[in-house]
Amino acid sequence: MTAIAVRESLAARGSVRCGERPAIGLALPQASIDGLGLGDEVRALFKTDALDTAIVSLPASPRVHALAAEMFSPPVAGNATQLLLSAHAAEIVVHALFGERGIALDPAADLQRVRLQSVKARMDADLAYPWSIDELARNAGLSRRSFNQKFQMAYGESAIDYLRARRLDAARDLLIHQRLSVTEAAFRVGYAHPANFATAFRRHFGYSPSRCQ
């Protein structure tokens, strides 16, 4: 695989190829790279200041294969697609940086991370769906206990806490920006009972959802 890091965003014109090998073309604004804390590392890939493209030829790990597959066929739609593509692009750059230095990443850990990210992306894309831990764990290819532990380690909170927070954040946006009723906002993010939604909202934000209207 060939990973291409471009300093400024450029419009894509057709398929990106390097000779007869498939390639992944990544257009990453310098501000985004600096925001990730990778500015010095990425700039080191460029041979001179006159070049705006760095080409790093590396064998693709199972993780990079999985990332590329999801970038070509995203499992989510709408705004979640851009979020997923941006996250995958940043991760491929990290893999290129490690690979260029001869540092191998653990394939098993790579596969585990992509499964967890895929599950997280599915939750983000369909907050109204009645997700259960058992179903999320199956999608991640893990046992219920292992999934809970690994999600907590990866994202700093349990999957249920993450889903609850995302639902309530989305509901607040609906109340403020789309002027939905409390009942409509509750149903839109997966709460079957508005009273339960109001209780969870108050605990999360410290005020009732009706204050957003």
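Start by selecting R179, which counts as exposed at 52% relative accessibility. You will find R179 in the loop between α8 and α9. Have a look at its backbone while you are there: R179 is not a glycine, yet its phi is positive, at about 55°. Most residues other than glycine have a negative phi. Keep in mind throughout the tour that this is a predicted model.

**Step back to the whole chain**

Now show the cartoon for the whole protein. It has 10 helices and four strands. Coloured from the N terminus on, the elements run β-β-β-α-α-β-α-α-α-α-α-α-α-α. Of the 213 residues, 38% count as buried. Among the contacts with a separation of 6 or more, 56% are between residues 24 or more positions apart.

**The salt bridges**

Next, turn on the side chains of the charged residues. How many salt bridges are there? The count comes to three.

Select D124 and R166 to begin with. Their side chains meet in a salt bridge, with N to O at 3.1 Å. D124 lies in helix α5 (residues 107-125) and R166 in helix α8 (residues 159-177), so this pair ties together parts that are 42 residues apart in sequence. Is D124 buried or exposed? D124 is buried, with a relative accessible area of 14%, whereas R166 is partly exposed at 26% relative accessibility.

For the next pair, select D134 and R144. They form a salt bridge whose closest N and O atoms are 3.0 Å apart. D134 belongs to helix α6 (residues 133-140) and R144 to helix α7 (residues 144-155), so the bridge ties together parts that are 10 residues apart in sequence. On the accessibility side, D134 is partly exposed at 39%, and R144 is partly exposed too, with a relative accessible area of 47%.

The remaining pair is R164 and D161, whose side chains meet in a salt bridge at 2.8 Å, N to O. What separates these two along their helix? R164 and D161 are three residues apart in helix α8, which means that about one helical turn lies between them. R164 counts as partly exposed, at 36% relative accessibility, and D161 is partly exposed at 37%.

The elements that give two or more residues to the lining are α4, α5 and α8. Which of the elements gives the largest share? That is α8, with four residues.

Move on to E91, which is found in helix α4 (residues 79-100). At 13% relative accessibility, E91 counts as buried. Which residues does E91 touch, leaving out those up to four places away in sequence? Select R63, L67, R113 and Q117 to see them. If you draw a distance from E91 to L67, go from C-alpha to C-alpha: these atoms are separated by 8.4 Å, and the two residues are 24 apart along the chain.

Leaving out residues up to four places away in sequence, F197 touches L168, A171, V182, A186, Y191 and P209. From here you can go back to the loop between α8 and α9, where R179 is found and the tour began.

How values were computed: Residues are numbered from 1 along each chain as its sequence is written. This is a predicted model: local features need pLDDT of at least 70, side-chain atom pairs count only at pLDDT 80 or more; totals for chains, interfaces and linings use all residues. Side-chain values use heavy atoms; hydrogens and water are left out. A salt bridge is a side-chain nitrogen of Lys or Arg within 4 Å of a carboxyl oxygen of Asp or Glu. Buried means under 20% relative accessible area, exposed over 50%, partly exposed in between (1.4 Å probe, protein chains only). Contact means heavy atoms within 4.5 Å.
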